[in-house]
Structures are given as structure tokens and as C-alpha cells.
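Here's a quick walk through a protein fold, strand by strand and then side chain by side chain. Have a look at the model before reading on.

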Amino acid sequence: LRGFRLLRTGTIERVSAGVLNANFRVESDCGPLFVRRMRDDVDAARARDEHRLIAWVRERGGPVAEPLASVSGDTALTVDGAVWAVFPLIAGNAPARGTLSDRQVRALGQAHGLLDSILAGHPDSSLPVLQPSWDAAKSMGELLECLEVARNRGTDAAIIAGMERQVALLE
């Protein structure tokens, strides 16, 4: 935290919800922080690219947390060969898979759609472009399975109707 002129004032807790990076909640003199150690295949330049993209999304109204700048103005610092970034901690929780309510799922879908629509307008990103591939028959099978589970759980009628619409579009 020295590179950011921050002092640790309390505990450091591993955030277990992350899957790619090592993430920590750190109490500091400016409040709680989210400290990320990037995975080994991400260098500082790649992390900075991600941080510039985050700033670009934020400028367009996206719900993102921007990394803090270090004393030198950098948002990604390399310490002992590892790349680190520091973000303000956003209060909330990381619910277990399958525990979200219909309302929460809709809210997440709206946020995801907003981010996708903002990112669709990005003029140039040095981050990898994913080329998804999918099989319509496999997707139909998975969708029908999800639809059955949703019906058995008594999921909201609007969600069921949306899933049925997706089935109709795939047929």
C-alpha cells in the first residue's frame, strides 16, 4: 500500500468469491479497500489496459469501480514480480450460485446488458476479443432443462415467459 500512500490500519482478509485473481479486503487509513493480485499471466501493461477500459466505461455511466492511482499515477504496480491494483471496496455480498431471487437475477441482467451496450461502443481495446461458438441443439437442450427447473421451483411467470420466448426463437 506504500506505493499508494496508504497505511494498513486493520485486518487483511482473503476474498474467496474471486476465481481468477487473488483478492483481499484490507482496512486502511482511508477506509476499506479491495486489493487485487493479478494472476501470473497478466502483466502490468495488460492490467493498465483493463483499467483504462474501466475508466472509459465509467465515463459512459457504467457501474464500475475504478482503481486508485499510486503516487506515480500508475494504477498497476509490480512488487516482487506480482502485479497489484487497489480499488475502493464496494459494500455488498457475493451470493452462492443458485441463491438469487428472481428480482436479483433481473437486476443483474439489466446491469450486464448496460455494460454490454456500453462496451459495444468501445472504439479500440487491446484486450482479447472472444469468438464464442455454440451449438443450437445443445443450447436448446440446456434451455429446456433450465425451463423445467424454473417451472418446478415456481419461478415468476415473467421469467418463464422470457425463457419460453427464447425456446421459440431457437426452434
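Which residue in β2 is the bridge partner of Arg 14? It's Phe 24. Before going further, a word on ground rules: this is a predicted model, where local features need pLDDT of at least 70 and side-chain atom pairs count only at pLDDT 80 or more, while totals for chains, interfaces and linings use all residues. Residues are numbered from 1 along each chain as its sequence is written, and side-chain values use heavy atoms, with hydrogens and water left out.

**The sheet**

Strands here are DSSP runs of E, at least two residues long, and helices are runs of H or I, at least four, numbered from the N terminus. Two strands pair if DSSP finds at least two bridges between them. Five strands make up an open, antiparallel sheet, ordered β1-β2-β3-β5-β4. β1 (8-15) and β4 (77-79) sit at the edges with a single partner strand each, so one side of each has no neighbour in the sheet. From one strand to the next, the twist averages 30° (axes are lines fitted to C-alpha atoms, for helices over the stretch in contact, with angles from 0 to 180 degrees between N-to-C directions).

β1 and β2 form a hairpin with six residues between them, and five bridges join the two in the antiparallel sense.

Helix α1 (residues 44-59) lies across β3, β4 and β5 (82-88), at about 20° to β5.

**An aromatic pair**

Rings of Phe, Tyr and Trp (its six-membered ring) pair if their centres lie within 6.5 Å; planes under 30 degrees apart are stacked, over 60 edge-to-face, and the rest tilted. The count comes to two aromatic pairs. One of them is Phe 34 with Phe 87, edge-to-face at 6.4 Å centre to centre and 70° between the planes. Phe 34 is in β3 and Phe 87 in β5, so the pair ties together parts 53 residues apart in sequence. On the accessibility scale (buried under 20% relative accessible area, exposed over 50%, partly exposed in between; 1.4 Å probe, protein chains only), Phe 34 is buried at 17% and so is Phe 87 at 5%.

**Salt bridges**

With a side-chain nitrogen of Lys or Arg within 4 Å of a carboxyl oxygen of Asp or Glu as the criterion, the structure holds ten salt bridges, including these:

| Salt bridge | N to O distance |
|---|---|
| Arg 37 – Asp 40 | 2.9 Å |
| Arg 39 – Asp 41 | 2.7 Å |
| Glu 59 – Arg 60 | 3.3 Å |

Arg 37 is partly exposed at 25%, whereas Asp 40 is exposed at 68%.

Technical notes. Contact means heavy atoms within 4.5 Å.
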